[in-house]
Amino acid sequence: MKTITLITCSYDETADYLISKYTSNTIEFFRINIDKMEAYIFLVRNDGWQIVFNDKEISNKNIESIYYRKPEFPNLSIYEFKYRSLIKKDIYALITGIADSFEGTVLTRPSVLRMAENKILQLRYAADLGIRMPKSLITNSMDVSNEFILNDTIIKPLSTGKVDGEVYFTHMITGITRRIDKTPIYLQEYISKSYEVRITIIKEKVYTVKIECDDKVDWRKSYSTHRYSLIKCPHIVEEYCKKLMLKFGLKFSAIDFIVDTEGHWIFLEINPNGQWLWLENSLNLDISRRIVKYLTME
């Protein structure tokens, strides 16, 4: 029996899907919902770690792999406000330490995710590879920002884009009117697009999906009217993506491009822990099978 450990949260539908579809006589899942961490006993000693849940126990010595999915913090309202930030840091240190220290297969180690999610590194590596990108500016200067915004411009999150459960989407901006000297912002030129592309890669397998949507700024705002189709990825774009993953040390990623009105493929960002289930369901893809094969080394 091979055990895949899922580090996630209680409302992760992708984890539900994997457990339901792939639990078998040869594969089992040990799910750790970090938002419900009081239900588990975590034990870290000099020689390794153990995690106990009900009558089941795993350790760094008896599992096959870890899938580091979507851990979320538990409700900390029982603690004084001044301690909550410290507690979150301690929880984060615990779960990332467990995943990073595991000597087996991890998809994907938190230390690798932290680097790959950094937008400044993404810009630098993509520029080094010669990938076509929108003109970009990350700054805390109001004056420089407003000079950049003279043409059509979007503002997007520099980090996660999520604060206390609320998601901040990319949107058009016409000017900066408040001080930003203590809060850097991420600006990009707006490029008219024919359609969006999500490229999902697991090891050497590439899934290239054309996304047609009504929102011409951020397709993630609403999925209800999207049209999806599998398309062929240009060889040079596929090579760019694989080289970018190699630079970051990734085995899985979801990479976003737009195709402009002249047919140019333009890189937007790499999502090292991006969502994929909605595409698998929409187009009957086998992304999950590839992920499970990787996690079980089959």
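Where is the place of Asn284? Asn284 sits in the loop between H7 and H8. This is a predicted model. Asn284 is not a glycine, yet its phi is positive, at about 55°. Its relative accessibility is 71%, so Asn284 counts as exposed.

The phi of Lys203 is near 55°, a positive value in a residue other than glycine. Lys203 is also a loop residue, placed between strand S14 (193-202) and strand S15 (205-212). Lys203 has 46% relative accessibility, and therefore counts as partly exposed. The cut-off for exposed is over 50%.

One more backbone detail belongs here. The peptide bond from Leu107 to Thr108 is cis. Its omega is near -10°. Thr108 lies in the loop between S7 and helix H3 (110-116).

Now turn to the helices. Helix H1 covers residues 13-22, and helix H8 covers residues 287-296. The two pack at an angle of about 75°, and their axes are 11 Å apart. That angle makes H1 roughly perpendicular to H8. Which residues in H1 meet H8? They are Tyr17, Leu18, Lys21 and Tyr22. Their partners in H8 are Ser288, Arg289 and Val292. Sorted by class, this contact has 4 nonpolar, 1 polar and 2 charged residues.

Next come the aromatic rings. A pair of rings is described by two things: the distance of the centres and the angle of the planes. The count for this model is 8 aromatic pairs. One of them joins Tyr17 and Trp276. Their centres are 6.4 Å apart, with 70° between the planes, and the pair is edge-to-face. Tyr17 belongs to helix H1, while Trp276 lies in the loop between strand S18 (265-271) and helix H7 (277-283), so the pair ties together parts that are 259 residues apart in sequence. Is Trp276 buried or exposed? Its relative accessibility is 0%, so Trp276 counts as buried.

Trp49 and Phe102 form another pair. Their ring centres are 6.4 Å apart and their planes are at 55°, so this pair is tilted. Trp49 is in strand S4 (residues 48-53), and Phe102 is in the loop between helix H2 (81-101) and strand S7 (105-107), so the pair ties together parts that are 53 residues apart in sequence. Both Trp49 and Phe102 are buried. Rings can also join into a group: ring pairs link Tyr40, Phe42 and Phe53 into a cluster.

Trp49 has a further neighbour to follow. Val44 touches Trp49 and Leu94, not counting residues up to four places away in sequence. Val44 is found in strand S3 (residues 41-45). With 53% relative accessibility, Val44 counts as exposed, because the cut-off is over 50%. Val44 and Ser59 are 15 residues apart in sequence. In space, they are 9.5 Å apart, C-alpha to C-alpha.

Finally, look at charges over rings. The charged end of Lys247 sits over the ring of Tyr125, 4.9 Å from its centre. Lys205 has its charged end over the ring of Tyr207, at 5.4 Å from the ring centre.

How values were computed
Residues are numbered from 1 along each chain as its sequence is written. This is a predicted model: local features need pLDDT of at least 70, side-chain atom pairs count only at pLDDT 80 or more; totals for chains, interfaces and linings use all residues. Side-chain values use heavy atoms; hydrogens and water are left out. Axes are lines fitted to C-alpha atoms, for helices over the stretch in contact, and angles run from 0 to 180 degrees between N-to-C directions. Helices (H or I, at least four residues) and strands (E, at least two) are DSSP runs, numbered from the N terminus. Angles under 35 degrees count as roughly parallel, over 145 as roughly antiparallel, 65 to 115 as roughly perpendicular and the rest as oblique. Contact means heavy atoms within 4.5 Å. Ala, Val, Leu, Ile, Met, Phe, Trp, Tyr, Cys and Pro count as nonpolar, Asp, Glu, Lys and Arg as charged, and the others, Gly among them, as polar. Rings of Phe, Tyr and Trp (its six-membered ring) pair if their centres lie within 6.5 Å; planes under 30 degrees apart count as stacked, over 60 as edge-to-face and the rest as tilted. Buried means under 20% relative accessible area, exposed over 50%, partly exposed in between (1.4 Å probe, protein chains only). A charge sits over a ring if NZ of Lys or CZ of Arg is within 6 Å of the ring centre and within 35 degrees of the ring normal.
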